[in-house]
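Welcome! Here is a short tour of one protein model, written for someone who is new to reading structures. Have the picture open beside you as you go.

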Amino acid sequence: MTKTFLRKYWLILTSACCISTAVVLACADSGEYMTSSFTPEIFVDEAYSPFFYSELFYYGIGHDEDQLIRFNNSNVQEWSSWLGKTVKPETLQYLLTTASSKAIDSGATRSSDPKSKAFFSYLQLAKKCEAFSLTPISRPWDEDTLKRKPRFNATTLNRQLQQQFTAATDPFLQQRYWFQLVRSQFFNGAPQDALHAFDSYAQKSPTNTMYYRSLSYAAGAYYKLKQYSKANYYYSLVYQGCNELKTTAHYSFHPQEESDWRGTLALCRTSDEKATLWQMLGIFYSDPNRALQEIYQLNPKSDKLDLLLSRAVNIAEQPGIDSSQVALTRFISRVAEARNTTKPWIWQQAAGYLNTLADNYTAAASWYAKADATTPKTDLPQAQLRLLKLYNTIAGSRTIDSKLEQKLLPELQWLYHLKLDIRRSCVGAIDKKLASLYTASGDKAKAECFVHKSEFFASPANTAALKTFLSKPSPSPYDQLCYERSEIKKEDISEYQAIQYTMADHIDEALAVIKEADSASKTILRGNPFNARIRDCHDCDHEAPQKIKYSKADLIKKLKELKDKIAAGQDVYTNAVLAGNAQYNITQYGNARVFYECKIYGSDNSGPWSIDSAYRTTLISMKTAIRYYTLALSAAKDDEQKAKCQYLLAKCQRNEWYNKTIYAKGDNDFADDTERNPAFIEWDGFKALKQYANTKYYNEVLKECGYFKTYTGKTH
Amino acid sequence: MSFYYWRTTFSLDSQEIHTLRDNTVDTLYVRYFDVDWPAADTAPTPLAPIRFESSPAGYTIIPVVYIRNKVFEKLTPAALPGFTNNVHTLIQRISQSQAIVSREVQFDCDWTERTKDTYFQFLRTYRTLSKQALSCTIRLHQVKYSGRTGIPPVDHGILMYYNMGAIDTSSLSSIYDKSISHRYTPSLRSYPLTLDLALPVFTWGLKVRDGKVVQLLDKMNTGLFDKDSSFRRQSPNRYTAAQGCFKSGYYFQAGDQVKIESVSAGDLKEIVTDVNQHTNHHIRNLIFFDLDSQNLQSYDKDLFKEILAHTD
């Protein structure tokens, strides 16, 4: 099977199905760290941040593509310090980063003082090196790297670099010539030549960025020679010593066999170097437990433990049980107990948290009590501790009563208004647990405040209970917390009730309750809701000029007018058709869908399938529209009117057929199944409409409704 | 007979060259690149295009491109011509870099009912663009359910007689198992496309942790583990790591298990017998997956001749 060239540790399975690993990626607070309430930034050195546990290849970075620009800024700064005032910073920036060799040559002829001259001599050679050292990342489909790159003949260049290196007296220049020579040999010569060049000056060189850049090419040379022990050892030194190259060193680090890994360990001169290696293994080879134990044994005060601790806990936070978690908790507890690391407090917090995750709430609480005494009194460490304690308290509660509410109140107030930059995925779990405690105790209203469930409001009793709770004349501070937390506010419920009543044709009740939802009631409907077309066209209705625009409240008021007139026997046909149209239009099928759109029912449904299943039937029901069209039919005076009613009823019948079939399933299945989805059905309305073949309306329908035309064709 | 070449660097060693010569193989099906559509991207992208370290001169090379089904799920009709063009251009570029002239191109895609239309349209568009013969891989489920997944518009197909099972910790091999293949072979008789037969001659390992397969161990065989003191043998093809260790560039945690899956000479003969039976001896060519001395060393050097003879 294929091993990709670019991502060497991922297998692309060409003839097999894809494997998903044990790590389940939960929905994230941030795209980088999945589920987490344990913030590495609080206690791990920023230099290690690319290695925080993440679904990205490198946390905060994704894939590292900075190869061509990584050292531009530091390079300019270093030359600037060395050159002093003789070259302006912007000029330096230009010369080092963008200038062509021609521009550099011309600059060289114009330089007069010794330092500038030396700089330009160096720059002229360095510019030549760009031919092989600046390899851009190839874009997909643009694979210019297919052809073997013509081998750069570096004989002359290397000789010049060697000459300059030997002749240089200033260590700054000497080191740079050395670097260029090592790199050139790596790219253009035999690996042994690169190593020879490297070794000739490595001991004398200060261990700065240039040194580590050279060291990384020496590592690469050993790798080419398949001397993996040495190569990986050098990579670990680069990883340890140079922050900019941590990602590169990490990516290049690749032990092959146990023997070369042991060889690498054997090359270490200090226990700190060994700790580095174990940390690298722990990160990239996903064995943080082993790495933690090895480093702890070497040196409990090693700061290399911090990153691994953060990764181990972040991994433990992901859903899915890992059998190594028990061992991990035991180990971390042991270390926390011993208090011999540089930050005993974070081990205590971690021990507590792992116990919380394992449902050992009492053990967790005692760890948090210890952490109380040791955690630094600064914002972030304190905030994390407070968060974890709160989570533990709530997760471990079996019931909820006013005593617990009072205890939790200040903590929850703090949590819901927390602005500090700490991870807090557990807030979701906290809300969920509170909701389930309230449900168990029978307090449905409070449960809904913490976890909104849309189907909650399908029950009138639930709706009334929450409305009452949210309407307390003198709510307590805890009540206020619930009000704030609740996604659905009092006005949202009133609006919902108004819509419900309207659709059920209880207009008086609707009028009363829409008053309580003042701002929502003012929402303007996009088209004329009292209009109906032969072929529904919402966009047409929305774009058509409207002398009167209706708000939600206006529509209900108008329906009241129509209803009163119908009751009084005034112009029943016309008013019933108008009312029927409105009832049709406020369903999903109509041009005034906006009427039903509210927090509880939802909005932006492109089709009935996306409507919440708890409410789908209501929002697509033709019942009320049919009732009004039927009433209109019975009051119709002539054939034109009767024809119109029959057609409008046919539309409703069609919709009801959809409701019974494809929309009843909710799976948006467009399968080409002609049995289930016949191409044509003879609606009762169509059948009845036939008798009005002499009317104008009949002919309009024939013109606009293809199905009706087909129907008349079939039955003639 | 011929072989698939599926490594990202084209470089034949002496064992591979000898095998080709001994079996008078002149045609190689070479994977040029994969195509995938990573979630974060807005377009499909080629992966790991092959690099040539030794020359393919002397062999007829047929380019093969593996396209993940996901690509056709996401590709819109409007984007299809551009995509086809990109694929064609890249194939051309690779061929030209080695002066390869091929009259045929092969596509490997595990297409489904949902992607059938897009994939088939891709094949048609490609053919018009390149004016070359086209072939594509056919998996067993696509033979059996060809009513749903359709017959691709190609000149002939390659029946991929491997990777038919689930990659899991069960006793069955995911590469080949008679009980699995028997569910499909009766459908071969009525399949309308001419078929070559692609046979597996590879092994791999499954790294198992907490009862789940977490990694594929490319081309690892039992021989490697038998000799390794870091591993304890549980059964002829299963091992457990006694301690955390590196091996062939992979890392094993203490307690990780390894399940080795392989295909024996007997399996291969069994396959050929079955396919002969269900196609009335209408196998056109044999293509072995894949040419790699790591695979070859598991088999007798006369194996390929024997299997070929078995097709008669």
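About 630 Å² of area is buried between domain 1 of chain B and domain 2 of chain B, and carbon and sulfur atoms give 50% of that area. On the domain 1 side of chain B, the residues that lose the most area to domain 2 of chain B are B:Ile167, B:Thr169 and B:Gln294, which together make up 62% of what that side buries. Please keep in mind that this is a predicted model.

**The two domains of chain B**

- Domain 1 of chain B covers residues 2–201 + 263–310, while domain 2 of chain B covers 208–257.
- Taken over C-alpha atoms, the centres of domain 1 and domain 2 of chain B are separated by 29 Å.
- Where the domains touch, twelve residues of domain 1 of chain B are in contact with six residues of domain 2 of chain B.

**Charged and polar links across the interface**

- Two salt bridges are found across the interface of domain 1 and domain 2 of chain B.
- Four residue pairs are in polar contact across the interface of domain 1 and domain 2 of chain B.
- What kinds of residues make up the side of domain 1 of chain B that touches domain 2 of chain B? That side has one nonpolar residue, seven polar residues and four charged residues.

**A look at B:Asp290**

- B:Asp290 forms a salt bridge with B:Lys219, and the closest N and O atoms of this pair are 3.0 Å apart.
- To find B:Asp290 in the picture, go to the loop between E18 and helix H10 (293–296) of chain B.
- The peptide bond that joins B:Phe289 and B:Asp290 is cis, with omega at about 0°.

**Strand E1 of chain B and its partners**

- Strand E1 (residues 2–5) of chain B pairs with strand E18 (residues 286–289) of chain B in the parallel sense, over two bridges.
- Within this pairing, B:Phe3 has B:Phe288 in E18(B) as its bridge partner.
- E1(B) also pairs in the parallel sense with strand E3 (residues 27–36) of chain B, over three bridges.
- Here B:Tyr4 has B:Tyr29 in E3(B) as its bridge partner.

**A stop in chain A**

- Where in chain A is A:Asp505 found? A:Asp505 sits in the loop between helix H24 (490–503) and helix H25 (507–514) of chain A.
- Although A:Asp505 is not a glycine, A:Asp505 has a positive phi of about 70°.

Terms used
Residues numbered from 1 in each chain as written. Chains lettered and ligands numbered in written order. Predicted model: local features only at pLDDT ≥ 70, side-chain atom pairs only at ≥ 80, totals over all residues. Heavy atoms only, no water. Pairing = 2+ DSSP bridges. Helix = DSSP H or I, 4+ residues; strand = E, 2+ residues; numbered from the N terminus. Domains from an automatic or database assignment. Contact = heavy atoms within 4.5 Å. Buried area = accessible area lost by both parts, 1.4 Å probe. Salt bridge = Lys/Arg side-chain N within 4 Å of Asp/Glu carboxyl O. Polar contact = N/O pair within 3.5 Å; in protein donor to acceptor, adjacent residues only side chain to side chain. Nonpolar A, V, L, I, M, F, W, Y, C, P; charged D, E, K, R; others polar.
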